[in-house]
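Visitor: I would like to learn how to read a few backbone and sheet features. Could you take me through them slowly?

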Amino acid sequence: MIKNILNLGDASVYCDFGKDVNKEINSNVISYFNNLKNKKIEGITNITPSYNKLIISFDLNVTNFFQVKKIIENLEIKKENEYKKKLIEIPICNQKNFTLDHNRLEKILKIKYDKILEIFFSKEYFCYMTGFIAGMPFLGDVSEKLRAKRLETPRVKVPKGSIGLTEQFCNIYTYESPGGWNIIGNTPLDIFNKNNQKNPALINPGDTVKFKQISQDEYDKIKK
Amino acid sequence: MNMIKSKNNYFEVERAGINTTFQDDGRKNLNHIGIPVSGAMDKRNYKIANALLKKNLNSPVIEFAYQGPLLKYQGEEIFIVITGDVKFQIFRENKKQINGEPYHVYLIQNNDQIDIQSTNKSVYGYISISEDFILDKTWGSYSINTKAKIGSNNGEKLSNNQKIDIDHKKKKLTITNLNYVNSKIEYIRVLKSINFDFFSEKSKNIFFNKEFKVTKLSDRMGMRLEGQVLENVVNSNIKSEGLVKGVIQVPSDGNPIIMLSDHGTIGGYPKIANIISADFDKLVQMMPGSIIKFKQVSLEEAEKLFKFYKLETDNLINQI
C-alpha cells in the first residue's frame, strides 16, 4: 500500500502512497494513521496524514529513521480499530454578503450562480485531511463543472466560516485567516472548538460532509 | 488555593517587549488537526534556563525576541535566570543598578525591576524563575501560539500592564552559575529533501555554494531567505502534504522559506532540503541580515551530529 518510504530530514519519515488523489489511496493513508496512532509508539511526536502521504515525526533523542521505518513496514493494519466515519450535515448560507466570489465564479465557470449552487449542493464530500490552520477540513471531490483556480492575489482576511473552492477541493475556514480560495458561502457552525480539548474538530479525515442550504434567518438563529 | 497566594507574588509587565510569550517543550501529536508543535525556539538555552534553577527541564519559561520585557516584581524573594546572548539590567529598590549577566542566577526582591534591553546579534532569550508561573495548559502545553491563539495567556503575547502570577512555594536553592558562550556557526547543515531534483542543476549548485540572506519576514512560524533565485524545472505546486520543522520550501518566486516551530501543518510547495536537528538552535538565532551558507550532510552524519549536540547539552546541564 505504501509505495515508498523516505526520510524527510533526520527526524521524520515520509510515506508515499502514490501520485493520485482519490478516496481509496486516502483511506489507506488514514488507515495507517489510525493504526500507528493506536500503537502509541514511544518517541513519535506527530503523525500527519494528507491526500496521499503520511509523515511521521519522531524525537531523535528516543528513536531514529531506521527504527521507525521498520515499525511502519511491519505494521499490521487492523480494520476493526478504524475510526468510525461520520456523515455530517453542514448548513451554509449563500446570501450575497457571504458569497465573496459570486461574480468571479460565474465568469470563470460560465455558469449562473443558481446552477453553481445546485451542482455544489447535489454532492456529498469526503474529508481527505485537516490542517493548515486548526481544524480546516479539505473536502472532495468537487464536480468537474465547478473547478476554479485559486485567486491570483490571496485575501489577507477570509471571514470565519467561509466555504472555499479550489480545483477538486473545497474547505471551511475555521478561523479568520489569509487565504486564496473562491468563497461561495458561510456556515454558522463552529467547525473547530479549542475548548473541546478531546474532540476539537467537528470534521475529521474519513468523514463525509453533506452541505445544506439555509436562509439568512436560519443562519442568524444558529449563530445565536 | 494558588489564586489566594498568587495575589502576593507577581510580575507587573511595565513593557512587554516585541514578541514575549510563554513557551515550553511544545504540544505533540496534534498536527493532524492543524495544531503546530510550537515550544521554545532555542531548545538548549531554554533547557539551561530551567536547569540553572534546578527545575524540571520542560517547565514553562518566558521567551522574548530582540527587545525583551521590563518586569517589576512584587512579592517574597525569588531567583531568576536569563539565558541567551542578552543585555539586561536589574534595578534594585535601593536604586542600585546591576548589569546582568546571562547564565547567572539573581535574587529578586519586592519592587526590583528586570529590564531586558536586547538580544546581542541574536534573536531569542529566556527568563526562568525558581518558583512556578500560574498558567493554563492547552493540550498538554503552556506554549503560546499567537496566530492560532492557543496556549497560556489566552494565546496572546504579553502586553503592557498585565500581571504574571507566581505560585510561591518557598523553594530552597543553592546557586550555581554557568559560563557559557553561544557559539556562531559557519554553515547550516542540511539533508537533501523529497523534491531536490525538481530544481535545475544550476540551482542545486547555487543552493550549496552561494550565500543566502535572512530577511525581515522571519518569525516563530518561518524564516524567509533571499539570494539567487532557485529555478524549479518540474513543478512549482505539489499536492499539499505534511510539513516538519526545518524543511526548506521553495515557492514559485524561487526564494526559500524555512519552517520553524509555529509552522502551518501542511503545505504545497516543493521541499529542496531539511535543516538537520543539531543546527536548529543556531539557525533560529540568526537575525535578519545574517548570511546563511548551506552544507550537505548524510543522514548518518546528521544523526551523529545530533548525538554530539545532545552530549554537549547534557554536559552543560550536568555541570550545574
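Guide: Let us start with B:Trp139, which is found in the loop between β11 (132-133) and β12 (163-167) of chain B; strands here are DSSP runs (E, at least two residues), numbered from the N terminus. This is a predicted model, in which local features need pLDDT of at least 70 and side-chain atom pairs count only at pLDDT 80 or more, while totals for chains, interfaces and linings use all residues. Residues are numbered from 1 along each chain as its sequence is written, and chains are lettered from A in the order in which they are written.

Visitor: What is the phi of B:Trp139?

Guide: As a general idea, most residues other than glycine have a negative phi, and most peptide bonds are trans. B:Trp139, although not a glycine, has a positive phi of about 45 degrees. A second case is B:Asn111, whose phi is near 75 degrees, also a positive value in a residue other than glycine; B:Asn111 lies in the loop between β8 (106-108) and β9 (113-119) of chain B.

Visitor: Why does B:Trp139 count as partly exposed?

Guide: A residue is buried if 20 or more other C-beta atoms, placed from the backbone, lie within 10 Å of its own, exposed if 12 or fewer do, and partly exposed in between. B:Trp139 is partly exposed because 18 other C-beta atoms lie within 10 Å, and B:Asn111 counts as partly exposed because it has 13 C-beta neighbours inside 10 Å.

Visitor: Which peptide bond is cis?

Guide: The bond from A:Gly140 to A:Asp141 is cis, with omega near -5 degrees, and A:Asp141 sits in the loop between β7 (137-140) and β8 (155-158) of chain A.

Visitor: In what order do the eight strands of the open sheet in chain B run?

Guide: Strands of a sheet pair through backbone hydrogen bonds, either parallel or antiparallel. Two strands count as paired if DSSP finds at least two bridges between them. In chain B the order is β21-β14-β15-β18-β17-β20-β13-β22, with mixed pairing, and the edge strands β21 (291-292) and β22 (294-296) each pair on one side only. Within this sheet, β15 (residues 222-226) and β18 (residues 257-259) of chain B pair in the antiparallel sense over three bridges, where B:Arg224 stands opposite B:Ile257.

Visitor: How many residues does each chain bring to the contact?

Guide: Two residues are in contact if their C-beta atoms, placed from the backbone, lie within 7 Å. Chain A gives 37 residues and chain B gives 33 residues. On the side of chain A that touches chain B, the largest share, five residues, comes from β3(A).

Key: Helix = DSSP H or I, 4+ residues; strand = E, 2+ residues; numbered from the N terminus.
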